[in-house]
Amino acid sequence: MCGIAGFVGAGDSLRQAVASLKRLEYRGYDSAGVAYSTGDELRIARCPGKVADLEALIAALPAASGPAIAHTRWATHGRPSEANAHPHGDCTGQLAVVHNGIIENHQAIRQTLLSAGHRIQSETDTEVISHLIEDELVGRRGASGLVEAVRAATQRLHGSFAVAVLWSGAPDVIVAARRDSPLIVGLGDAGAFVASDVPALVGWADRLSALQDGDVALVRGRSVTIWDADGKEREASMMPLTMSREAAEKQGFAHFMLKEIHEQPRAVKETCRGRIGSDGEVALEGLGDAVLELLRSGNVHFVACGTAYHAALIGKRLWDQALRRHADCTVSSEFRYDRPLIDDRTLVVLVSQSGETADTVAAARYARQLGARTLAVVNCMGTSLERETDAALITRAGPEIGVASTKAYSAQVAAMGLLAGQAGWADAGQALSALPDAIEKVLDNEAAIKAIASDLATSNCFFFLGRGHDAAVAAEAALKLKEISYIHAEAYPAGEMKHGPLALVEPGVAVVGLCTRPSTHDKIASNLMEVRARDGRVVTVVSDGLPIPEAATDVIVVPSVSEYMSPIVTMVAMQLLAYYVALARGCSIDQPRNLAKSVTVE
Ligand code: F6R
């Protein structure tokens with residue numbers, strides 16, 4: 001989604017803000033812009049396209065000594081264009097606003113503003129914010145006037161926002177505010193930063209603070225002052241910035257996605273570190289007695305979106321099959337608009353890499369309203385999801401920059417194993433401890449997977465088939481391929497093919513059969529023969545030790561591990577397959593079209 005990066009301090013703030021913005025490219029966007037203060041006046045440069053286009057646009061401009069705010073826009077209201085790109089100004093040309101989120105009552109505000117004579121130049125929901133602030137600034141002065149005007153204007157907004165504002169009436173500050181959209185402030189030797197995500201600060205700031213809902217922050221070169229939702233000044237409570245420059249950079253890999261695929265042995269090891277005793281028993285700290293008790297004997301309902309949902313499906317399977325207890329699993333956007341069967345004996349487990357996915361955060365609130373206890377399984381720390389839940393199990397995959405989730409998925413599935421272990425799954429310790437070596441073995445097979453992918457890259461239709469846990473993995477494998485290669489891919493429980501989808505199989509259709517489950521191995525082998533008989537091309541992923549299905553034209557052998565944790569091992573192979581298919585097709589792997597890393601709108 002959209003990205004915000006602002007800087008105020010020593011040196012050329014225009015280029016610093018744009019350099020910080022470049023670190024947020026992974027979030028997905030379609031236009032970019034920056035507003036900066038020359039000391040005398042406020043200027044705006046913006047364009048559809050990439051940050052590189054913005055860099056070209058500002059290349060000849062002199063350095064800016066005043067503050068700067070930069071933005072990448074992922075179009076929601078109005079197509080990608082120069083006029084719709086942020087920052088947006090007001091009628092006076094003295095104000096500039098960048099905004100992440102969605103203003104739900106923007107149409108009503110727009111009408112009021114137009115009737116009052118405001119000239120609104122874009123189709124965006126954002127521009128109403130600048131004009132509201134413009135009105136609120138009448139009669140106000142200086143930095144404190146801007147803080148009051150931003151507070152008053154944002155109080156009239158419905159929906160979600162993270163905003164950063166420049167005003168020539170307070171030429172040495174940035175004012176920022178948020179509700180339901182993440183925003184952080186950071187401090188370093190050269191000055192102060194405002195950003196929607198941590199990578200924008202790495203290498204320049206050494207401490208940061210996450211703004212909370214309703215906060216308004218005044219950011220000066222050496223200080224940050226924060227007022228809470230009630231207007232009371234509160235301490236900025238700065239934490240050390242721990243993300244390393246290596247984590248924010250590719251370190252020789254062609255893409256962040258490939259780097260993150262290779263980081264999975266570590267992601268899983270870190271997620272389990274200190275959580276499995278020498279006796280193999282899982283012991284999770286900091287969840288609180290009520291959550292622990294519900295894990296042992298309450299009802300469990302998993303809720304998540306996208307890849308995190310696919311990881312949650314493995315959680316449900318662990319409950320159903322390993323623990324022999326019923327559990328539910330629902331996508332967040334359905335959960336919150338339904339009437340789930342939930343009460344005070346239910347633990348709702350919300351799984352999210354970013355901890356900022358709007359539907360998942362809202363689902364957490366809804367679950368609490370229904371009386372449930374809530375547990376976040378989350379990769380980023382200090383997020384909205386953590387604040388909205390009773391307890392959190394942090395997956396320690398490290399920062400995930402590629403839009404397509406890889407190491408976060410593995411860490412989430414490992415976390416599902418940890419939760420099941422805490423709930424009584426006796427094999428958890430052993431199953432989890434075997435994973436890092438098994439993942440390494442899949443990575444050792446990269447060249448062979450790459451060769452298969454290069455052969456498959458011309459296919460325009462893929463099916464991923466599996467049974468049992470492999471059916472859940474098939475869903476994630478299909479998602480991975482479609483999001484980065486733009487090839488239509490579907491996942492089916494293998495036995496379902498003959499109930500309809502088999503009609504689509506013809507020469508050129510690729511079918512990937514996931515065959516890691518001994519108990520249904522013969523069954524899936526027959527299902528794949530049905531595909532082969534219709535001239536489909538059959539790639540199989542087979543656990544070491546199981547027979548190679550007769551239908552296979554290509555085989556990827558993966559190490560045999562506990563069937564509940566094999567989704568991690570299989571998915572590493574499927575991530576590599578998707579990556580190399582996308583590479584062969586020349587796709588934009590780290591920033592797939594139309595997608596964003598952190599989906600902070602509904
Ligand atoms: C796919 C992908 C998305 C996310 C989904 C949830 O590769 O990354 O499907 O999994 O948007 O995001 P989080 O986990 O941040 O809640």
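Predicted model: local features only at pLDDT ≥ 70, side-chain atom pairs only at ≥ 80, totals over all residues.
View 1. The volume of the largest pocket is about 1,200 Å³. Its lining counts 46 residues, and Met 243, Asn 379, Cys 380, Met 381 and Pro 399 are the closest to the pocket's centre. H8 provides the largest share, three residues. By class, 20 lining residues are nonpolar, twelve are polar and 14 are charged.

**View 2. The second largest pocket lies between domain 2 and domain 3.** Where does this pocket lie? Domain 2 (250–433) and domain 3 (445–591) both give residues to its lining, so the pocket lies between them. Its volume is about 530 Å³. The lining has 29 residues. Nearest the centre are Gly 306, Thr 307, Ala 596, Lys 597 and Val 599. At least two residues come from each of H10, strand E18 (346–352), helix H12 (358–369) and helix H18 (469–485). The lining divides into twelve nonpolar, eleven polar and six charged residues.

**View 3. His 310 sits in helix H10.** This helix covers residues 306–322. Is His 310 buried or exposed? Its relative accessible area is 10%, so His 310 is buried, the cut-off being under 20%. Beyond residues up to four places away in sequence, His 310 touches Tyr 409, Ala 475, Glu 476 and Leu 479. Helix H10 also supplies at least two residues to the lining of the second largest pocket.

**View 4. The largest nonpolar core has 92 residues.** Trp 319, Leu 419, Phe 464 and Met 574 have the most contacts inside this core. Helix H20 (residues 566–584) gives the largest share, 13 residues. Domain 2 (250–433) and domain 3 (445–591) both contribute residues, so the core lies between them. In soluble globular proteins, nonpolar side chains tend to be buried together.

**View 5. Met 574 has contacts beyond its sequence neighbours.** Which residues does Met 574 contact, leaving aside neighbours within four places in sequence? They are Phe 464, Ala 477, Val 512, Leu 514, Val 541 and Ile 556. Phe 464, like Met 574, is among the residues with the most contacts inside the largest nonpolar core.

**View 6. A second core is separate.** This core has 34 residues. Among them are Ala 5, Tyr 26, Leu 201 and Phe 256.

Conventions: Residues numbered from 1 in each chain as written. Heavy atoms only, no water. Helix = DSSP H or I, 4+ residues; strand = E, 2+ residues; numbered from the N terminus. Buried < 20%, exposed > 50% of the residue type's maximum accessible area, 1.4 Å probe, protein only. Contact = heavy atoms within 4.5 Å. 1 Å grid on protein atoms, 1.4 Å probe; cavity = no way out; pocket = protein on both sides within 12 Å on 5 of 7 lines; lining within 4 Å. Points joined across faces, edges and corners; volume = space filled by probe spheres on them. Nonpolar A, V, L, I, M, F, W, Y, C, P; charged D, E, K, R; others polar. Domains from an automatic or database assignment. Core = buried A, V, L, I, M, F, W, Y, C linked by side-chain atoms within 4.5 Å.
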